[in-house]
Amino acid sequence: MKIFMKRLEHFLEIGGVKKDIALLAVSGLALIISIFKLLPLPFDAAWIAILLCGTPIVLEAIIGLVTSFDIKADVLVSLALVASICIGENFAAGEVAFIMQLGALLEDLTVAKARAGIEKLVHLTPQTARVLKNGAETMVPAEKVQVGDLLRVLPGESIPVDGVILSGQTSVNQAVMTGESLPVDKKTGDEVSSGTVNQFGTFEMKATKVGEDSSIQRMIRLVQSADAEKAKIVRLADRLATWIVVIALTAAAFTWIFSGEIIRAVTVLVVFCPCALVLATPTAIMAAIGNATKHGFLVREGDALERLATVKKVAFDKTGTLTYGSPTVVAVKSLSEEFSQEEIYAFTAAAEQFSEHPLGKAIVSCYKQETNQTPAQAIGFQMLPGRGVSAMVNDQAILAGNRELLAENHIALSSNTDMDDFLKQGCTVIYVAIGGEYAGYIVLSDTIRPESAAIIDNLEKIDIQAVLLTGDHKNAAQNIANQLHIKEVYANCLPEDKLRYIGSSQSANHPVCMIGDGINDAPALKKAVVGIAMGGIGSDIAVDAADIALVDDEIRELPHLISLSKRMMAAIKINILFSMGLNFLAIALAITGILNPIVGALVHNAGSVFVIIHSALLLNWRKKK
C-alpha cells in the first residue's frame with residue numbers, strides 16, 4: 001500500500017503551472033460544450049473536466065485519508081463528485097472539480113519557492129588554506145586544518161578558519177559576519193573569522209576554531225535551523241475541513257432519510273463544497289501580491305503577507321537599509337595656518353586616488369562630485385595595510401590614515417573638540433599630515449536615507465515598533481537611532497545576536513519583521529516571522545533567505561506593505577464569512593428541494609465569483625491618509 005501511495009504522490013507532482021493552466025482551459029471548454037450541447041459527442045463532455053480536474057482531487061483525498069487520516073477540503077469535494085456522478089449529474093461534478101482546481105492553481109502560484117541561500121553560503125566557505133610547517137608553505141583543504149596550525153593568508157584571499165594574527169598588518173572585510181561595508185584594520189594579536197576577506201596585507205595566523213566550529217559553518221547552521229523553525233500557515237479551508245465534512249455528511253444523510261430523495265442529499269453535498277472558501281485566501285493573496293509588486297516589493301513566499309499582518313515589531317539592519325551603506329565625506333577640517341580646508345581635501349584626494357581601500361575611494365569620489373575636478377597627480381604612492389597611504393603631491397609629502405600612521409612617523413596629534421564629537425557619533429576620521437606636520441582631518445560617515453525618518457514615524461502610526469539591530473559599534477548605532485527616533489537599539493550584533501533577539505521577542509508574542517541586506521542578516525531573515533531583503537544592493541544570500549525582496553531598495557513603501565497585509569487579511573475574513581453564509585442558505589434551499597444539483601452548483605459558485613471580485617479590489621488599494 002505504501003509503495004502504491006508513493007507512486008500516486010509522484011504522479012500528482014508531475015508537471016507544473018503551465019500544465020495546470022492547460023488542463024483548466026481544456027476543462028472549461030468541455031463544460032461549455034456540455035451545457036450548451038455544442039458538439040454531437042458520443043459522451044458527455046463534462047467527463048473531460050471530471051477526469052482532468054477531478055482525478056487529482058480524489059487522489060489527494062485518498063492519499064491524505066489512507067496515509068495520515070488527514071481530512072481536508074478535498075474529501076468533501078470528492079464525496080460531492082462521486083455522488084453527482086452516481087445520480088447522473090455530470091455537469092455539476094465537472095463544474096465543482098473545475099472550480100476547485102482553479103483555486104488550487106491560484107494557491108500554487110502564490111507559494112512558489114526559490115531556496116538557494118544555504119547553497120550559496122556553502123560556496124562561501126574557503127576551500128583551501130596555506131599551512132606553514134618547518135618554514136615551508138603547503139596548500140591543504142580547509143577542512144584538514146587543525147587547531148594550533150600556523151597559516152599564511154595573502155591579499156584578496158578568504159580567511160579559511162577562525163584564528164589570531166601572529167604577524168603582519170592588514171584590513172579585513174567582515175561584511176559576511178557583521179554586515180558593515182567598511183573593512184576593519186587588523187594587527188598582531190587581533191582575532192579573524194573564517195569566510196571574511198583579507199584585503200591588503202599578508203599575515204600569518206594561528207588557527208583557533210576549525211571545521212564545524214568556525215564562524216562560517218556556524219552561520220550556515222543558524223540559517224538552516226531558523227528556516228526549519230519557521231511555522232507555515234495552514235490554509236483555513238483545511239483547518240475547517242473536518243467540521244465541514246461532518247456537518248455536510250450529517251445534513252445529507254438526514255435529508256435523504258426524511259425526504260427519501262437522494263438527489264436532495266447530493267445537492268446538499270454539492271452546495272457544501274467549499275469552493276469559495278478555497279478561493280477566499282489565494283485570490284486575496286494574489287491581488288495583494290500584485291499591489292505589492294507595483295510598490296517595489298517582490299513577494300517570494302505565498303503566505304508572507306499573511307504572516308506580515310501579525311507583525312508587531314520591525315527590526316532594521318542599519319547599513320544599506322536605513323542608510324546608503326557607503327561612506328561619504330561629511331566634514332573637512334584644517335588645523336594648519338598654512339593649508340586651507342580646500343587644500344587639505346585636494347591633497348588627500350590626490351594621495352588616495354590609487355588606493356583600493358573603500359575609505360580612500362570614497363574620498364576621491366566625493367572630491368570629484370563636490371568640486372567637479374580631477375585630483376592632482378601623485379607619485380611614490382604606497383599602500384600601508386592597516387594604516388593608510390603615503391604619496392608625494394605637488395612636492396609635498398602626504399600621509400593620510402589612522403592615528404597609528406602619524407604616530408609611527410613621529411607626528412603629534414592635537415586635541416580638537418569637533419573631532420571628538422565626530423568620533424562620539426561613530427564617524428570615521430582620516431588624519432592628514434602634509435610635509436611632516438599634522439594639517440587636519442577628513443570625516444566620513446554613512447549617510448541616512450532621506451525617507452528613513454518618515455518610515456519610522458509612519459510605522460508608529462500603525463502601532464509598529466521600530467528596532468535597530470546592527471553590527472556597527474555603539475556610538476554610530478545610537479547616533480542613527482537618535483536621528484530617526486528609534487528607542488530600541490542593539491549594537492555590535494553578530495548573526496547569532498540578531499537571531500537571539502528575534503527568537504526572544506517572538507517567544508514573548510511580539511512577532512518580528514526583519515529588514516536587512518547582508519549575508520550576516522540571512523539567519524535573522526529566516527528566523528523572523530517575515531524577512532525583507534534589499535534586492536538591489538543586498539547579497540544574493542540575503543535575498544534567498546528572505547520572504548520578500550525590495551526590487552529597487554526603496555523602503556519608503558514599507559508602511560503601505562504592512563497596512564496592505566492587514567487589509568488583505570480583512571478581505572479574506574469577509575470572503576470566508578460570505579461564502580459560508582451563502583453555503584448555509586443554499587443548503588436550506590437544497591434540503592427543501594428548491595435547488596437541484598446543477599442550480600445548486602451555480603448558486604454556490606456565485607459565491608466564488610463574489611470572492612474573486614472582492615479580492616480583485618486589493619489590486620489598487622491604498623490606505624487613505
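User: How many bridges join strand β5 to β8, and do they run parallel or antiparallel?

Analyst: Strands of a sheet pair through backbone hydrogen bonds, either parallel or antiparallel. Strands here are DSSP E runs of at least two residues, numbered from the N terminus, and two strands pair if DSSP finds at least two bridges between them. In this case β5 (residues 170-173) and β8 run antiparallel, joined by two bridges. Valine 172 faces asparagine 198 in β8.

User: Before going on, what kind of model is this?

Analyst: It's a predicted model: local features need pLDDT of at least 70, side-chain atom pairs count only at pLDDT 80 or more, and totals for chains, interfaces and linings use all residues. Residues are numbered from 1 along each chain as its sequence is written, and side-chain values use heavy atoms, with hydrogens and water left out.

User: Back to the sheet: which strands stand at the edges?

Analyst: The open sheet has three strands in the order β6-β5-β8, with antiparallel pairing. β6 (184-186) and β8 (197-198) are at the edges with a single partner strand each, so one side of each has no neighbour in the sheet.

User: Is alanine 412 buried or exposed?

Analyst: Buried means under 20% relative accessible area, exposed over 50%, and partly exposed in between (1.4 Å probe, protein chains only). Alanine 412 counts as exposed because its relative accessibility is 65%. You'll find alanine 412 in the loop between α16 (403-408) and α17 (417-424). Its C-alpha lies 8.0 Å from that of glutamate 437, 25 residues apart along the chain.

User: Which residues of α14 are buried?

Analyst: Helices are DSSP runs of H or I, at least four residues. In α14 the buried ones include Ile344, Tyr345 and Phe347.
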